Amino acid sequence: MKDAAPQTFYLSDYTPPAFLIDEVSLTFRLAPEATRVISRIHFVPNPDTTDRSFFLHGEQLKLISAKIDGHDANPTLTPHGLTAEVPDHEFTWEAEVEISPATNTALEGLYMSNGMYCTQCEAEGFRKITYYPDRPDVMAPFHVRIEGDLPVLLSNGNPVDQGEGWAEWSDPWPKPAYLFALVAGDLRATSGTFTTRSGNEVALNLWVRPGDEGKTEFGLQALKDSMKWDEDVYGREYDLDLFNIVAVHDFNMGAMENKGLNIFNSSAVLASPETSTDANFERIEGIIAHEYFHNWTGNRITCRDWFQLCLKEGLTVFRDQQFTSDMRSEPVKRISDVLMLRARQFREDAGPLAHNVRPESYQEINNFYTATVYEKGAEVIGMLYRLVGETDYYRALDMYFQRHDGQACTIEDWIAVFEDATGRDLTQFKRWYTQAGTPHLTVTEEWVNGTYNLYFKQETKPTPGQPDKQPLVIPIAVGLLAHDGSEIVPTTLLEMTEAEQTFSFDGLTERPIPSILREFSAPVVLHRDTNNQERAFLLAHDTDPFNKWEAGRALAKDVLVRMITKGTKPDTGFLDALRQMALDDTQDPAFRALAMALPSQDDIAQTLYASGVTPDPMAIYGAVKTLSRAIAEHMKDDLPALLAANTVTEPYLPNAEQSGKRALANTALSLLSKLDNGAAAQAQYDAADNMTQQLSALSCLIRAGAGADALAKFEQQWHGDRLVMDKWFGLQVMLAEPEDAAQVAQTLTERADFDMKNPNRFRAVFGALAGNPAGFHHPSGDGYRTMADWLIKLDTVNPQTTARMCSAFDTWKRYDADRQAMIRDQLERIAAKPDLSRDVTEMVERIMAA
């Protein structure tokens with residue numbers, strides 16, 4: 001039967017826990033289908049509440065016994081936990097339960113991944129391990145004993161003792177249950193050490209399955225770099241004797257920051273030049289940093305309840321963005337972050353899944369691990385950083401760590417720290433946490449006798465449950481340029497607080513050309529009447545790298561929109577400007593590669609929709625293809641030299657310098673392949689000694705219609721490497737012709753090595769289908785039907801991954817009536833599944849409510 005109507009939880013209903021915990025002891029007797037978990041928990045009444053009701057969360061548990069202070073207890077069991085009569089004073093709860101890791105395909109709680117025991121407890125997985133108050137504001141130190149016939153037995157904290165078939169661990173730092181971790185299996189460690197600035201030597205281990213030892217060196221170095229950076233920039237030292245990372249093949253998320261025992265999706269930690277691209281290396285470096293930084297912003301200080309998820313995630317994303325900017329190229333990192341924000345979070349804000357950075361309600365918290373919480377949450381921290389300045393930002397963070405160490409906090413606690421540290425009233429700024437939607441910022445200008453006026457108007461459109469919006473605090477970084485390209489007014493931060501506001505610049509000798517929203521100083525959509533002549537000027541002369549790139553982006557969008565709506569040909573002025581940028585050796589190669597990339601098809605669809613035009617995915621696909629060909633023709637004499645000049649001949653390193661050159665070289669290769677039918681790509685494929693070059697060449701060959709032989713050779717070479725084969729699966733669907741995409745995806749699912757229980761493999765195929773807009777939205781409706789078929793199948797196995805994949809349908813109201821009808825049919829078919837999970841129920845209902 002269908003799940004009961006999901007319960008809705010509200011931020012306003014928060015109540016403190018009736019009991020706190022000062023000690024937890026757990027014993028695990030591991031067995032694939034009958035693991036026994038014995039818990040001994042010391043409860044104390046919470047002095048901050050008079051409530052003494054006793055409730056422990058628990059799901060899919062077989063209760064063997066329960067005792068209170070050594071006496072048998074008779075709890076009342078429900079599908080979601082238990083209640084019992086308990087003393088009105090401190091007491092000890094003991095319970096023994098049985099669970100089945102081997103049949104736990106949802107990958108929450110304790111489960112098995114190819115013979116390895118593994119946990120994932122965030123957000124509410126611990127309740128599938130034993131009965132416990134599974135909420136983040138109940139924090140306690142844990143002592144864990146693991147018994148099992150496996151060579152490696154790991155848990156949080158420091159090792160206490162071990163013997164044949166058992167090991168004991170103690171984590172002295174109080175933590176909520178979602179940070180609990182256990183791993184047991186046949187593993188190999190790559191080890192190292194890190195000496196903190198206080199002189200403490202920390203043992204480091206990166207644990208992998210046999211055969212993966214050659215993919216650990218980069219991850220271990222990234223961990224060391226993260227530890228040093230956090231000391232140098234934030235003054236945060238690591239606080240245990242040991243730091244373990246484990247790579248797991250079957251994992252719903254990228255990684256998990258469990259105290260002292262980070263568990264990683266293998267795709268987010270394993271790397272080698274032969275099997276990983278430059279993008280993989282950068283992603284791994286950033287994720288390792290992110291999870292390590294959580295040690296302070298998430299573990300030592302956690303969130304009071306799941307509504308405050310952005311407190312730990314937004315801040316930690318901002319910190320990992322800072323780290324990557326310092327390790328690589330700050331402008332390129334900023335552009336990359338904004339591309340992701342616009343592609344994921346702006347899309348969220350513009351559709352039925354829009355929600356506050358701090359949500360007001362939810363039915364399934366797993367559905368709120370979103371771009372709004374993570375990426376927009378980080379943008380809110382970035383705005384705060386700009387508004388208060390670097391010095392006050394770090395002074396406030398020192399106060400935050402000192403004031404709230406060991407606590408479960410709220411956004412109010414976070415804002416209060418900044419108010420106390422800076423003396424600013426941040427009441428209005430807090431609206432960024434409580435108001436959903438992307439603000440639209442319209443600017444007009446006036447030039448009067450040496451005074452230049454900028455008139456700004458902000459508007460945030462209604463979002464689900466929030467029809468009325470209030471003005472936000474918007475930091476607007478502005479610079480003014482002279483007509484010779486020199487800078488008249490350097491970057492100045494304007495602080496907008498009203499719905500409409502004017503800022504004036506006096507004493508100017510000529511009317512300037514404005515560079516507005518430098519460094520993308522706020523997550524808004526900027527509207528300003530301008531022309532391609534000015535955009536080309538900014539592309540050539542703007543001293544702000546982000547706005548230089550943005551000008552080129554705007555040129556490309558304008559060209560594509562006119563091609564689609566008016567049938568015009570590619571604009572020669574744009575082609576000349578793009579060529580000039582591509583050949584400008586004074587610019588970072590990575591920046592030039594980004595500047596040459598056309599806007600995504602989804603970006604163009606949203607641009608058309610926002611202007612009142614119903615987007616046609618096929619027309620967009622055709623226009624992008626035509627413009628790409630025109631760029632190649634326009635630069636046909638330059639491309640071989642550009643490719644040669646940026647081809648790296650030194651031994652492979654995944655650093656910023658080499659990665660940037662490879663990015664530009666492969667951009668040139670992609671264009672050249674449109675002219676030579678893949679000849680240069682075939683030469684690169686045959687000579688490639690690293691995955692970046694091999695995969696780029698393979699992509700070019702597929703686009704050129706000459707990829708069949710290379711695909712077969714790639715499979716033969718890499719069939720034994722699961723992560724590399726994920727690339728092979730995804731590439732074929734992503735680059736399939738629109739009319740073939742759904743069938744390519746379906747055919748790949750019929751292979752023996754397609755396993756829908758593995759989130760990486762499922763996402764490789766169906767994430768790629770959603771990422772092929774013309775294929776997914778093909779007028780036949782095959783993309784919609786194929787996606788729905790597999791989401792219905794997957795929901796029974798892994799509701800969390802299914803729910804996240806439902807977002808493929810969230811832009812359905814953009815499109816024509818026929819496509820809307822076909823998508824609604826598929827959403828209704830998913831909703832009618834008899835045993836539909838609450839995860840997917842919530843997502844489908846929110847999408848259909850648009």
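A: Two strands count as paired if DSSP finds at least two bridges between them. Helices (H or I, at least four residues) and strands (E, at least two) are DSSP runs, numbered from the N terminus. This is a predicted model, in which local features need pLDDT of at least 70, side-chain atom pairs count only at pLDDT 80 or more, and totals for chains, interfaces and linings use all residues. Residues are numbered from 1 along each chain as its sequence is written, and side-chain values use heavy atoms, with hydrogens and water left out.

Q: In what sense do strand 4 and strand 8 pair, and over how many bridges?

A: Strands of a sheet pair through backbone hydrogen bonds, either parallel or antiparallel. Here strand 4 and strand 8 (residues 81-83) are antiparallel, with 3 bridges. Phe-55 lies opposite Thr-83 of strand 8.

Q: What is the strand order of the open sheet?

A: The order is 4-8-7, with antiparallel pairing among the 3 strands. Strand 4 (55-57) and strand 7 (76-78) are the edges, each pairing on one side only.

Q: At what angle do the axes of helix 11 and helix 12 cross?

A: Axes are lines fitted to C-alpha atoms, for helices over the stretch in contact, and angles run from 0 to 180 degrees between N-to-C directions. For helix 11 (residues 572-582) and helix 12 (residues 589-596) the angle is roughly 160 degrees, and the axes come within 9 Å. Helix 11 is therefore roughly antiparallel to helix 12 (angles over 145 degrees count as such).

Q: Which residues of helix 11 and helix 12 meet?

A: Contact means heavy atoms within 4.5 Å. Leu-578, Met-581 and Ala-582 of helix 11 meet Phe-591, Arg-592, Ala-595 and Met-596 of helix 12.

How values were computed
Parallel < 35°, antiparallel > 145°, perpendicular 65-115°, else oblique.
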